[in-house]
Amino acid sequence: MKRNVTCGELRSGDEGRSVVLNGWVAATRDHGGIGFVDVRDRYGVTQVVFDPAVVSAAELKLEYCIAVRGAVRTRPTEMRNAEMATGDVELAAEELEILSTCDTLPFMIESRLGQHTDAREELRLRHRYLDLRSATMQRNMELRHRATQSMRRFLLERDFYEMETPTLVRSTPEGARDYVVPSRLQPGNFYALPQSPQIFKQILMLSGFDRYFQMARCYRDEDARGDRQPEHTQLDMEMSFVDQEDVLEVAEGVLRRAFAETIGYELPEFPRIPYDEAMNRYGSDRPDLRYELELQDFADHAAGGEFGIFKAAVEAGDSVKALRVPGGAGMSRKQIDGLEEVAKTYGAKGLAWTRVGADGFDGGIGRFYDSIGADIRAGLGLQEGDLLLMVGAPWRVCCTALGEVRAAVAAELGLAAADQYAPCFVTDFPMFAWDEERGGWDPEHHPFTLPHPQYLDSLEKDPGAARGAIYDAVINGAEIMSGSLRIHDPQLQQRVFSIIGISASEAKRRFGFMLDAFRYAPPPHGGFGMGLARVIALMAGESSLRDVITFPKTTNMSSPMDESPAPLEPDQLAELRLSIIEGD
């Protein structure tokens with residue numbers, strides 16, 4: 001009773017064949033004593049007909065694992081199922097073997113593509129092996145496999161080596177906390193699980209392997225937030241003797257090939273948008289380009305109007321920006337109030353608004369600009385029936401708050417097509433970001449990124465102005481890849497370390513092995529890390545990364561299925577010379 005066909009294989013041309021199917025019972029129906037059973041494996045579903053005069057299906061229950069032998073026959077025309085690949089045929093059962101039985105299911109396994117069971121997520125994750133049997137999760141895992149293989153083929157065709165870097169390394173925190181692993185043979189010493197292969201792949205470039213990639217496992221001990229996972233897989237790539245455009249061409253090629261081969265979607269070319277332009281036009285460094293709403297500068301109009309808050313903002317050197325919503329005048333005051341809450345969440349003190357009527361502005365702060373209304377309408381391209389939304393604040397807050405309002409408006413009005421993918425590269429990010437809490441500069445990405453040459457002379461004098469060869473790939477408002485050209489000059493590396501508060505002695509302690517290696521003629525190089533789950537979630541139309549990962553963690557970074565993390569036994573702690581401190 002070993003299978004000789006899969007449950008997705010049979011077609012009308014197989015009529016008369018004697019075959020054996022192995023799989024799980026997905027559905028049962030009784031029509032006047034004749035049993036109809038859908039048998040499922042990862043390849044598809046086949047309907048099996050049980051005539052009790054030949055073999056009975058009475059014992060079968062949902063999710064029993066069975067083997068069934070029978071003859072393939074064509075279904076009557078009126079009983080064919082166009083929604084199933086095997087819908088023109090059925091198997092007339094002649095022999096049945098129950099390979100294993102199934103307890104009462106904790107939830108029903110969804111057989112419709114694009115649907116998930118309505119069970120609580122924790123219950124789905126506790127019984128993940130059942131959740132993974134659903135049609136959607138089977139499809140998602142297939143997409144992941146196919147996309148991964150497409151990416152791998154693309155890089156192998158371009159002379160990249162697939163190489164492995166270690167997963168037990170020295171702790172060199174890159175922003176998040178490291179997961180640490182105690183050493184039994186060297187008590188008191190610890191490995192760390194890598195947050196990325198960053199340092200090792202740069203050392204590979206120094207070693208002469210000029211084109212490297214791997215599907216790298218990465219680990220970050222972050223606080224619970226959003227859809228983050230403590231472990232993830234990224235397509236990690238590095239190249240030597242390249243400029244920024246060389247790296248971006250590879251990244252674009254990888255993604256365009258993967259989307260085409262995996263879901264049949266031809267991604268358009270990726271526009272390159274500098275960071276400052278992305279913030280000014282879209283209020284985000286991960287802009288969603290599926291809709292055309294753009295921020296516009298309102299400072300000159302604010303200075304000429306009578307609205308005191310905006311006049312004061314301009315005088316203080318802050319930004320005032322506006323968002324024109326075509327046809328948005330029909331939005332209710334409740335909807336506008338909701339948008340104001342979005343703006344406040346992202347640091348703005350409020351959200352000003354007015355509607356555009358036939359004879360001027362209508363409501364909100366419009367009355368403060370009646371005298372220059374014609375200039376505003378001409379300057380911003382306003383039309384009757386539009387809604388105008390405005391924020392005044394320091395530049396980054398102003399852009400970010402109005403950018404989030406832009407995204408909320410698009411969601412409210414249904415402007416983002418679910419079946420459309422709009423990619424871009426955002427380039428030339430700031431090198432550093434000011435940390436108010438500690439009163440110092442932090443690297444915007446990581447400390448190994450290369451500044452653009454025009455900022456080298458003023459790097460220490462004005463770190464906030466410096467821009468680097470740093471780039472992100474963005475699709476539909478989701479950042480899916482981040483990378484940069486790297487510093488290969490040890491002296492420049494120490495200058496960057498000094499700006500972010502890492503002294504020469506601390507740099508030697510934390511990164512000494514890398515700095516020592518870089519004394520031996522490193523080449524110019526650059527690369528990227530691409531979040532695999534984020535790419536697959538886009539392809540699958542899933543809002544949660546957990547729906548494209550086989551065994552994900554919950555939002556509190558635990559696994560209900562195997563109940564990890566879990567305490568160690570006392571003898572394990574003793575062997576590692578560890579003790580547990582009770583309490584907070």
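**Figure 1. Surroundings of T172 in the predicted model.** Leaving aside neighbours within four places in sequence, T172 is in contact with D178, I199, R510 and F511. The model shown here and in the following views is a predicted one. T172 belongs to the loop that runs between strand 6 and strand 7 (179–182). Its relative accessibility is 11%, so T172 counts as buried, the limit being under 20% relative accessible area. A433, which is 261 residues from T172 in sequence, lies 20 Å away from T172 in space, C-alpha to C-alpha.

**Figure 2. The whole protein, for orientation.** The protein has 584 residues, of which 48% count as buried. It contains 15 helices and 22 strands. The C-alpha trace spans about 90 × 75 × 55 Å along its principal axes. Of the contacts between residues at least 6 apart in sequence, 67% join residues at least 24 apart. The protein exposes about 28400 Å², and carbon and sulfur atoms supply 48% of this area.

Figure 3. The strands follow the order 6-9-10-22-21-20-17-11, and their pairing is mixed. Strand 6 (161–162) and strand 11 (272–274) are the edge strands; each has a single partner strand, so one side of each is left without a neighbour in the sheet. Strand 20 (residues 470–475) and strand 21 (residues 478–485) run antiparallel and are joined by six bridges. Within this pair, D472 has S482 of strand 21 as its bridge partner.

**Figure 4. Strand 22 and its two partners.** Strand 22 pairs with strand 10 in the antiparallel sense over seven bridges, and D236 has G529 of strand 22 as its bridge partner. Strand 21 also runs antiparallel to strand 22, with five bridges between them; here the bridge partner of G483 is F528 in strand 22. In a regular strand the side chains alternate between the two faces of the sheet. In strand 22 both faces are covered: H525, G527, G529 and G531 are buried on one side, and G526, F528 and M530 are buried on the other. Seven of the seven residues of strand 22 are thus buried.

Figure 5. Helix 14 (residues 532–540) lies across strand 10 (231–240), strand 20, strand 21 and strand 22 (525–531), and runs at about 50 degrees to strand 22. Helix 6 (residues 275–282) lies across strand 11 and strand 17 (423–427), at about 85 degrees to strand 11.

Figure 6. Three bridges connect strand 12 to strand 13 (residues 319–325) in the antiparallel sense, and D297 has K321 of strand 13 as its bridge partner.

**Figure 7. A nonpolar patch on the surface.** The patch is formed by Y129, F551 and M561, which together have about 310 Å² of accessible area. F551 is located in the loop between helix 14 and helix 15 (570–576). With a relative accessible area of 45%, F551 is partly exposed.

Key. Residues numbered from 1 in each chain as written. Predicted model: local features only at pLDDT ≥ 70, side-chain atom pairs only at ≥ 80, totals over all residues. Heavy atoms only, no water. Pairing = 2+ DSSP bridges. Helix = DSSP H or I, 4+ residues; strand = E, 2+ residues; numbered from the N terminus. Contact = heavy atoms within 4.5 Å. Axes fitted to C-alpha atoms, helices over the stretch in contact; angles between N-to-C directions. Patch = residues over 30% accessible without salt bridge, like charges linked within 9 Å, V, L, I, M, F, W, Y side chains within 5 Å. Areas by Shrake-Rupley, 256 points an atom, 1.4 Å probe, with all protein chains shown as cover. Salt bridge = Lys/Arg side-chain N within 4 Å of Asp/Glu carboxyl O. Buried < 20%, exposed > 50% of the residue type's maximum accessible area, 1.4 Å probe, protein only.
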